[in-house]
Amino acid sequence: MSTSQKPKNRPFRPKAGKLGAESNRAEGPQGGRRNRGRPSAEGNRDARPDGNRGGRPERDADGGRQPRSNASAIGLSNLEGGRGNWRARRQGAGGTYVSPESPYPLASSELPLQDGAESRRPKRPQDTTYTEPQRLHKVLAAAGIGSRREIEEWIIAGRISVNGEPADVGQKVGPGDRVRVNGKLMPLRFAPRIPRVVLYHKPEGEIVSRDDPEGRPTVFDRLPTLRKGRWIAVGRLDFNTSGLLLFVNDGDLANKLMHPRYELDREYAVRILGELDEAQRQALLAGIELEDGPAKFNTLLDAGGEGANHWYRVTLSEGRNREVRRMFEALGLTVSRLMRVRYGPVVLPSRLKRGMWEDMAVEDVCALAGLPKPVNSGGKPRSGPRPGRRQP
């Protein structure tokens with residue numbers, strides 16, 4: 001038989017004029033071949049009130065046939081709590097939620113939260129340690145005290161106090177604040193913020209400034225980019241001076257490293273033409289009068305040299321403009337090279353070449369800032385020496 005001669009699959013239609021068609025449809029299990037072994041219309045869940053069986057598609061107003069849907073199988077039909085309506089049993093007596101824009105009920109993940117539903121969810125306390133002031137409701141919610149909405153209601157009701165005063169909505173709390181909920185002190189944990197310190201080996205020919213009218217290269221062009229805040233240079237070096245420069249992202253630490261009352265030593269390697277005699281050595285250690293006041297070296301050591309050049313190691317506790325060069329020039333000596341090799345307890349690493357930078361180890365940063373050593377820090381630097389890339 002060819003393909004064109006094959007009978008087409010057509011839906012069964014009872015022929016008009018047969019007297020048994022309507023009677024077979026209304027009979028019981030033995031009423032006809034199509035109803036053999038099937039329950040009657042009263043017990044059939046697919047039967048509809050208009051008498052049309054669920055096995056036959058309905059007709060719309062234009063006479064077209066409507067496709068049969070599996071809505072009952074996927075829970076999108078309103079079965080009024082009947083068999084298979086798992087969504088109605090899950091939602092309770094209220095039934096399913098029907099959006100005004102769509103006639104179909106929403107899935108369980110799309111249902112709106114009912115009043116108090118968020119408060120009934122189990123809260124798992126989080127072991128969170130903050131380094132900066134945070135909003136009060138955020139800190140208490142992370143500690144498992146309650147939801148943010150509940151905590152805001154408690155703040156409005158006056159049940160939460162900060163340092164003995166009623167809390168305000170949106171208020172921030174820090175390490176020194178004492179938070180009480182219903183009079184009970186909450187154990188909130190805050191950790192000091194560990195600043196970031198970068199060691200940079202400045203070469204000659206760079207200026208320690210962000211803006212230069214002459215357009216000379218600046219040291220800030222080679223530093224890594226910060227996501228928050230900006231780099232603060234600890235001290236300055238002249239355009240023709242090389243050596244160690246520290247950059248921090250914390251103003252308090254920068255002030256601690258630069259303020260004269262802390263008296264942090266700066267050590268320089270100085271190369272001059274010729275050598276110092278004993279009188280000149282004593283003058284540099286006793287003090288020399290400059291235009292902006294007297295200046296002196298704390299220590300002066302002979303580092304040797306060859307030919308006309310001679311190296312010395314000097315330390316001083318100030319950082320005035322061109323102070324080392326001016327002290328030697330006051331004695332008629334010329335400084336041919338100047339390099340800073342130490343700033344306080346920080347020594348310029350030999351692996352750090354000119355124009356390169358590296359992060360200071362977290363353990364060393366904490367010791368420099370006077371902070372407790374973090375747990376599991378390991379004392380390793382955040383990154384090894386990296387070449388500074390000048391920004392376009």
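Colleague: Quick one on P260. Buried or exposed?
Modeller: Exposed. Its relative accessibility is 56%, and the cut-off for exposed is over 50%. Bear in mind that this is a predicted model.

Colleague: Where is P260 found?
Modeller: In a loop. That loop runs between α7 (251-258) and β10 (266-273).

Colleague: How far is P260 from E318 in space?
Modeller: The C-alpha atoms are 6.6 Å apart. In sequence, P260 and E318 are separated by 58 residues.

Colleague: Zoom out. How many helices and strands in the protein chain?
Modeller: There are 10 helices and 18 strands. The chain has 392 residues, and 34% of them are buried.

Colleague: What about the accessible surface?
Modeller: About 25,500 Å² for the protein chain. Carbon and sulfur atoms hold 48% of that.

Colleague: And contacts with a separation of 6 or more: what share comes from residues 24 or more positions apart?
Modeller: 56% of them.

Colleague: Switching to charges. How many salt bridges in the whole structure?
Modeller: The search finds 15. One of them joins the side chains of E204 and R354, at 3.5 Å from N to O.

Colleague: Which parts does the E204 and R354 pair tie together?
Modeller: Two loops. E204 is in the one between β7 (197-202) and β8 (232-234), and R354 is in the one between β16 (346-347) and β17 (356-359), so the bridge ties together parts 150 residues apart in sequence.

Colleague: How accessible are E204 and R354?
Modeller: E204 has a relative accessible area of 31%, so it counts as partly exposed. R354 comes to 43%, also partly exposed.

Colleague: Next pair. What does R326 form with D292?
Modeller: A salt bridge. The closest N and O atoms are 3.0 Å apart. R326 lies in helix α9 (residues 323-329) and D292 in the loop between β11 (288-290) and β12 (293-295), so the pair ties together parts 34 residues apart in sequence.

Colleague: R326, buried or exposed?
Modeller: Buried, with 15% relative accessibility. D292 is partly exposed at 41%.

Colleague: Which residue meets R351 in a salt bridge?
Modeller: E358. The N to O distance is 2.9 Å. E358 is buried, with a relative accessible area of 4%. R351 is partly exposed at 49%.

Colleague: Which residues do shared partners join into one network?
Modeller: E291, D292, E318, R320, E323 and R326.

Colleague: OK, sheets. What is the order of the four strands in the open sheet?
Modeller: β3-β2-β5-β6, with antiparallel pairing. β3 (165-166) and β6 (184-185) are the edge strands, each pairing on one side only.

Colleague: How many bridges join β2 to β3?
Modeller: Two, and the strands run antiparallel. β2 covers residues 160-162. S161 stands opposite P166 in β3.

Colleague: Now β10. How many bridges join it to β14?
Modeller: Eight, again antiparallel, with β14 at residues 309-316. R266 has L316 in β14 as its bridge partner.

Colleague: And which strand pairs with β14 over five bridges?
Modeller: β13, residues 299-304, in the antiparallel sense. D302 stands opposite Y312 there. β13 and β14 form a hairpin with four residues between them. In the turn, G307 has a positive phi of about 70 degrees.

Colleague: Rings next. How many aromatic pairs?
Modeller: Three. Among them is Y200 with F247, edge-to-face, with centres 6.3 Å apart and 65 degrees between the planes. Y200 is in strand β7 and F247 in strand β9 (residues 242-248), 47 residues apart.

Colleague: Why is the F297 and F328 pair called tilted?
Modeller: Because the planes are at 40 degrees, with the centres 5.8 Å apart. F297 lies in the loop between β12 and β13 and F328 in helix α9, so the pair ties together parts 31 residues apart in sequence. Both residues are buried.

Colleague: Which residues form the aromatic cluster?
Modeller: Y200, F220 and F247.

Colleague: Last one. What sits over the ring of F220?
Modeller: The charged end of R210, 4.1 Å from the ring centre. Likewise, the charged end of R216 sits over the ring of F239, at 4.9 Å from its centre.

Terms used
Residues numbered from 1 in each chain as written. Predicted model: local features only at pLDDT ≥ 70, side-chain atom pairs only at ≥ 80, totals over all residues. Heavy atoms only, no water. Buried < 20%, exposed > 50% of the residue type's maximum accessible area, 1.4 Å probe, protein only. Contact = heavy atoms within 4.5 Å. Areas by Shrake-Rupley, 256 points an atom, 1.4 Å probe, with all protein chains shown as cover. Salt bridge = Lys/Arg side-chain N within 4 Å of Asp/Glu carboxyl O. Pairing = 2+ DSSP bridges. Phe/Tyr/Trp six-rings, centres within 6.5 Å; stacked < 30°, edge-to-face > 60°. Lys NZ or Arg CZ within 6 Å of the ring centre and 35° of its normal.
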